[in-house]
Amino acid sequence: MNLIRLLAALFVLLLTINGGRSIADERTATSQRQFFEAKIRPVLVQHCYECHSADSKEIGGNFRIDSRDGMLAGGESGPSLLAGRPDESLVIQALRYDGLEMPPEEPLPAQVINDFAEWIAKGAYDPRETETTHQSAADGGTTADPEELWSFVPRTQPAIPSVHDRWWPIDSIDCFVLAGIEQAGLQPTTDADAATLARRLYYDLIGLPPTSAQLHAFSTEYELDPVAAKTELVDRLLASPQFGVRWGRYWLDVARYGESNGDDGLGRNATFPQAWRYRDYVIDALNNDVPYDQFLTEQIAGDSLPAETAQQRNRQLIATGFLAIGSKPAAAMNNNFAMDVVDDQINTVCTTVLGLSVACARCHDHKHDPIPTRDYYALAGIFQSTETLYGASGNEKLTAPPTPLHELYDSLEQIQIRPDRSSPPNFPREYSDAIDALKPSLHESLKVAPERLTVSPPASHSVDRFAAVKDTRLTGQFEQDAESYSLSFWFLNSIKNDERPITAYLFSRAKLDDKSLPGDHLGIGGNHEKDQTGKLFVFNGNEKKQTITGSTVIDPNSWNHIVLVRSGKRVNVFLNGQLEIDGDLEPAFGDSRQYCLAGRSDQFAPLAGNIGEVAIFDRGLANDEARQLHAASGQPLGIRPRPPLGFAMGVRDRSNPADCKIHINGDGKKLGPDVPRGVLTAYRNVSTTPSTLGEISIQSGTSGRAALANWLTRADHPQTARVMVNRVWLHLMGQGIVDTPDDFGVYGARPSHPELLDHLANRFVQDGWSVKRLIRTIVLSRTYSMDSCTNPAALQSDPDNHWMARHNRRRLDAESLRDSMLLVCGNLDYSPDHGSAIENLDMLINWPPGEATNLHRDSQHRSVYLCMLRHAPPRELAAFDLPDAVAIAGKRESTTLPTQALFLINSDFVVDNSRTLVERLLPESIQDSMPDDRERVSQLFASVLSRRATPAEIDRAVGYLRLTRQQLADSGMTPEQCRMQSWASLAQALMTTNEFRYVD
C-alpha cells in the first residue's frame, strides 16, 4: 500500500471524532422476496410445474417444485439445491445441461440460469407455503384478511389525538407522533442544537453540507428567533436549484434510471444515449414543484397531453422516458420480448406509484395480494397498445429491435403542410426547352418509347403518366468516362415504404449485373433499416459499403422530382427543388460508363410505378442549375423537414390499440381469452361502500395510458398519496412509516403510525399534491427537529426507534459523500451538466467480451450528472450501495464493508481532492513552527467538518503531522513534498471520519 495512504488509514484509527454505529450488511426479506417473485417463481410456474407439482398427472422423479419444502427435499436424485452453493446444486446442473437436462425441451436462456445461480448463492429465499393451498383472487377469495389489505382501504380522516404534553407539538404531525410515544411509556428526546439541525437540513434538502460560515450565521439567527431562523433556512434551501438535484436522485432510484440496458443475458450492454433527458426532466420538475399528480401523468401519458408551447410539448414527451429506460432482456430467441417490456412497465408503474408487485400475476393469480391474472392482462393491454421508443440499442438487433425516438422541436408546427402530389405533373410547354438549355447528353420524356435507352422488358407509355414500369430496366451509357455527372427525372413509387427491405432503386451508375455493385446506387429505404424507411439514400457498393441518407419520407403514390449531382467525391441529391442529401461518397464505378434507371444494376428491388422526363449530364450541375430543373417545371417546391433539436426515449400510442389475451402460465404461445383493458379490481372487494375505483373509461383509438394516469391520480385513490408520502418521510426521517416503501401489499410491513400516514396523505392531496409543501411541513415539525441522541433506557426500550422518540442517525449516500468531498475541497461545480458522456455513443459496452471500455469522464459536477451505466457504475459511487438501476430501489441498502474503507484510503478521487484542499489552505512557503501548524489544523477542521478542532484534536493532529513528515523524509522525499503529503493525508483522514460521513 502507498505509504501516505497507509499513514492516513492509521490516523483515522487514532481519531475519536464522533464515532458511528455499524450498520448490518444484510438483504432485507422484502428485496429477497421481490427477487424470488420476479425472477424465480415465474420460471418455475412456466417451465416446471407441469411435471413437478401437486397438479401433475405424474410427478417426475418424485420431485415436487411447487413448495419450499419440496424444493429443498428434492427427489430421486437427492436434494435439489444447497443454499449458498449454486455450482453444487442439482437444479443448477440440470439447468446448465450438466449431466441432467431440465427442462428437457431446450435449455433456458443464460440470464435465467444466472438468476437461479444468484438466488441460490444468496440463500435460496423461498416464501412459499409447504402446500399450495392458496385460494386465488380470481375465484373470489384470498388468503389475506382485511387487516392485511389495509392499503386497499380508502383513507380515513383521523382526528388529531390529544396528548399530555400540550406544549411539545408544533404541528399536528407532532401530535400523532407524541401520542404514540406517550402510549409506549416513552418521552421524546431533546431538540437538536442549531449546528446539528442546520447540517441535517442542508443534507436532507440539497444533499450538501453547510460551510462553517453558514453554520455560524444560522446559529446566530437561531439564538435570536429559532422559528424564524429555521423557516427562513428551509425556504431558502427549497428554492435552491440544488433541491431538485438531491430529490431528483431519489425519484431516479424508483424509476430505475440507467443510461445503458445492462446485462441482457447475452453479455451485451447497449447504451441509451438519450436517457439523460429524462434525468434532467425529473430534476427540473422537482425544482419547479410540478404537482405530483401532474408529474405522474406526464410520465405515464405525456405524449397524449395538450401543450401550449413547444417547450411544454418536448418536456411531456421526455417525461414518458419513465416507461422506456428500463433494462430489457435480449430479443434474440425470445418470443416474449415485447411482453417482457410490457411487464417491466407494469412493474414500474405499480410498484413506484401503488407499492404493489402486480407483475407477479403474469403467470398466475397473485399468491398473496388480491390481484388475479385477469387484472395483470387488463393492464398489459394498455401497455401492449403502447409503442416503446428506446432507440437503436447499440445497433445490435440481438439485444433489442431498433426503434425510433421522440423528435423534439422548437415549434409546435412540427408537421408542415405538404403539397398534393398525387396527380401527374402538368408541365408548361417551355419545360422541355429549359432542360435542353442546360445541354444534357440525353433527354427522353418517356411519353413514348425512348430512342437512346434500352427498355427491358418493354414498358407502357402515355402522355400524362410517362413510362409505367414494374420489373423494368432502362439502361444506357455515358458518352465519355464522366467522373462527374448529373441526372434529372420524375417518378412515382406505388409500393408501401415498409413493404420490403428496400422500397425501390431508382438509378445505378455501375457495371450492369456485377454482383459486387461497385458504383452509385440511388434508392428509397424500406424496412431493412427503420431510420431510413421511405427516405432517399445513395450507396456505393459492397466493397466500399458507404451510404449517405436524406431525411424526407417520400409518400407512396406521389410524383417527385430528383436531381442527382456527383462532382468528384461530393454527392448532392435534390428532391422537389430542395437539397436533400449533401455529403462525401467515395466513387466506386471505376471506368464503367453504364447506368440504369428504375432499378439497381443487378435488377434488385426495381421501381414499381412511373418514370419520366429523364435527363443525363456529363458534368456536375451547379446548385442553381439543379434547382432550375425543378423551378421550370411549375410544380410546388418540396418541404424540407425541420431538423429536430434532439431526440428522447419515451412511448406513444400504437396506431391499432387493442385488448390483450391472457398468456397462460405467462407463455406468449399459449393464449387464453381477451381481457378488456382496465385496472385493478381489488378495491371494489375491500371497500364497504360502492366504489368506481376499479373502473376506467378508455377513449376510443387510444392505448388507455391517459385513463390509467387519471385513475392513479384520483384524489380518493387509497395508495398513490400514501406511497409518496411514505417515500418522503423515509428520506427525511431515516425510516418509513411503512418500512417497505415499495411493498404496501400483504407481505409488506404494516404502518407504524397508520393515522399519521393518512393524515399526511390527506394534507398532501389538499395542498395540491405539492412535494415541496409536504417536505416543508415535515421538516418544520418538532418531530423532525429532535436530536439523534437519547438515554440508554429509551434506546433499550425502543432500539429500532419504532415510536420515533428520537431522530435517526444516517450515513451519507454515495452521491452526497462524493459531492461533499468536492465541496469542502473547493472543486464542486454547482451548475447542471447537461448531456451525458455517452450522448453520441450508440454502442455495446464491454463487447466483444473481454474488451473493457471505460466511457466515464472526469467531472466536478454533482454526482447525479455522472454517467449511470448499468453494470458499469461510476467508480466514485460504486462502493457505497449505489442501486443497480435494474430493480426499483425505494430504499437503498446500507452496508458496511471493508471495500468502502479501502476506497476511501486508496481512491485517486479522494487523494486528489485532499491535495487540492491543502494547496488551497496552505501558503507556498515552508513553515514548520508549532503555532502555524496548530492554526492550520483548526482551519482544516473548519473546512472539512465545519467546526473548530478541540485542543486535544489539535495535539493529536500536530503529532501526526510531525511523525508523518519524519517518516516521509526517511523515505527520500524533499521537505516540500513531506509538508504537502503529510497535510494531504491529514485532510484525507478527516474526510473518512464518521463525523464527516454521518448526519445526526
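**Overall surface and selected helices of the predicted model**

The accessible surface of the protein chain is about 42,300 Å², and carbon and sulfur atoms account for 50% of that surface. Areas were computed by the Shrake-Rupley method with a 1.4 Å probe; for residues, only the protein chains shown count as cover. The model is predicted: local features need pLDDT of at least 70, side-chain atom pairs count only at pLDDT 80 or more, and totals for chains, interfaces and linings use all residues. Residues are numbered from 1 along each chain as its sequence is written, and side-chain values use heavy atoms, with hydrogens and water left out.

The C-alpha trace spans about 105 × 85 × 60 Å along its principal axes. The chain holds 31 helices and 23 strands. These are DSSP runs numbered from the N terminus (helices: H or I, at least four residues; strands: E, at least two). Of the 1000 residues, 56% are buried. Buried means under 20% relative accessible area, exposed over 50%, and partly exposed in between (1.4 Å probe, protein chains only). Among contacts with a separation of 6 or more, 70% join residues 24 or more positions apart. A contact requires heavy atoms within 4.5 Å.

Charged side chains number 98 positive and 130 negative. Lys and Arg count as positive, Asp and Glu as negative; His and the chain ends are not counted. The centres of the two sets lie 2 Å apart. Each charge is placed at NZ of Lys, CZ of Arg, CG of Asp or CD of Glu.

Helix α11 covers residues 276-287 and includes L286. L286 is buried, at a relative accessible area of 10%. Beyond its neighbours within four places in sequence, L286 touches F243, G244, W247, G248 and K772. G248 is 38 residues from L286 in sequence, yet their C-alpha atoms are 6.6 Å apart.

Helix α6 (residues 172-183) packs against helix α21 (residues 754-766) at about 170°, with axes 10 Å apart. Axes are lines fitted to C-alpha atoms, for helices over the stretch in contact; angles run from 0 to 180 degrees between N-to-C directions. The two helices are therefore roughly antiparallel, a label given to angles over 145 degrees. On α6, the contact involves S172, I173, F176 and V177. On α21, it involves E755, L756, H759, L760 and R763.

Helix α24 (residues 814-824) is mostly covered, with 11 of its 11 residues buried. The buried residues include the charged types E815, R818 and D819. G826 follows α24 and has a positive phi, near 80°.

Definitions and conventions. Parallel < 35°, antiparallel > 145°, perpendicular 65-115°, else oblique.
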